[in-house]
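Please look over the sequence and the predicted model shown below.

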Amino acid sequence: MKIIADTGKCVGAGQCVLTEPALFDQSEDDGTVIVLDDQPTGELVEKAREAVHVCPSQALSLQE
């Protein structure tokens with residue numbers, strides 16, 4: 001699985017970071033998402049799915 005982030009859609013809400021700070025961070029400049037680990041394994045896979053689900057701007061997706 002691979003996490004895909006569309007920074008053009010991202011509104012900087014930070015829900016992904018709150019869901020799993022090991023996978024996501026936010027840009028100091030504009031608050032948009034930064035993917036720290038785009039190929040999670042183990043329990044982080046479910047956290048990645050949760051982050052995609054809670055993203056208010058639908059800027060995150062998963063490639064299986």
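## Salt bridges

A search of the whole structure, which is a predicted model, finds three salt bridges. One of them joins the side chains of Asp38 and Lys2, with a nitrogen-to-oxygen distance of 3.7 Å. This pair links distant parts of the chain, since Asp38 sits in the loop between β3 (33-35) and α2 while Lys2 belongs to strand β1 (residues 2-5), 36 residues apart. Asp38 is partly exposed, with a relative accessible area of 30%, and Lys2 is also partly exposed, at 30%.

Another salt bridge brings together the side chains of Glu64 and Arg49, at 3.4 Å from N to O. Because Glu64 lies in the segment after β4 and Arg49 in helix α2, the pair ties together parts that are 15 residues apart in sequence. Glu64 counts as exposed, at 68% relative accessibility, whereas Arg49 counts as partly exposed, at 34%. The side chains of Glu50 and Lys47 meet in a salt bridge as well, at 3.9 Å from N to O; here both residues lie in helix α2, three residues apart, which is about one turn of the helix. Glu50 has a relative accessible area of 36% and is therefore partly exposed, and Lys47, at 30%, is partly exposed too. In general, side chains of opposite charge can pair when their charged atoms come close.

## Thr19 in helix α1

Thr19 is placed in helix α1, which covers residues 15-19. Is this residue buried or exposed? Its relative accessibility is 11%, so Thr19 counts as buried, the cut-off for buried being under 20%.

The side chain of Thr19 reaches the backbone oxygen of Gln15 at a distance of 2.7 Å. When residues up to four places away in sequence are left aside, Thr19 touches Lys47, Glu50, Ala51 and Val54.

Ala48 is found in helix α2, which runs over residues 44-54, and with a relative accessibility of 0% it counts as buried. Leaving out residues up to four places away in sequence, Ala48 touches Met1, Ile3, Leu23, Pro40 and Leu62.

Gln58 has its place in the loop between α2 and β4 (60-63). In contrast to the buried Ala48, Gln58 is exposed, with a relative accessible area of 60%. The C-alpha atoms of Ala48 and Gln58 are separated by 13 Å, and the two residues are 10 residues apart along the chain.

## The enclosed space

How many cavities of 30 Å³ or more does the count give? The count comes to one cavity of 30 Å³ or more, and about 90 Å³ of space lies in the largest cavity. The largest cavity is lined by 15 residues, and the closest of them to its centre are Cys10, Ala13, Gly14, Cys16 and Cys55. Sorted by class, the lining of the largest cavity holds nine nonpolar residues, six polar residues and no charged residues.

Key:
Residues numbered from 1 in each chain as written. Predicted model: local features only at pLDDT ≥ 70, side-chain atom pairs only at ≥ 80, totals over all residues. Heavy atoms only, no water. 1 Å grid on protein atoms, 1.4 Å probe; cavity = no way out; pocket = protein on both sides within 12 Å on 5 of 7 lines; lining within 4 Å. Points joined across faces, edges and corners; volume = space filled by probe spheres on them. Nonpolar A, V, L, I, M, F, W, Y, C, P; charged D, E, K, R; others polar. Helix = DSSP H or I, 4+ residues; strand = E, 2+ residues; numbered from the N terminus. Buried < 20%, exposed > 50% of the residue type's maximum accessible area, 1.4 Å probe, protein only. Polar contact = N/O pair within 3.5 Å; in protein donor to acceptor, adjacent residues only side chain to side chain. Contact = heavy atoms within 4.5 Å. Salt bridge = Lys/Arg side-chain N within 4 Å of Asp/Glu carboxyl O.
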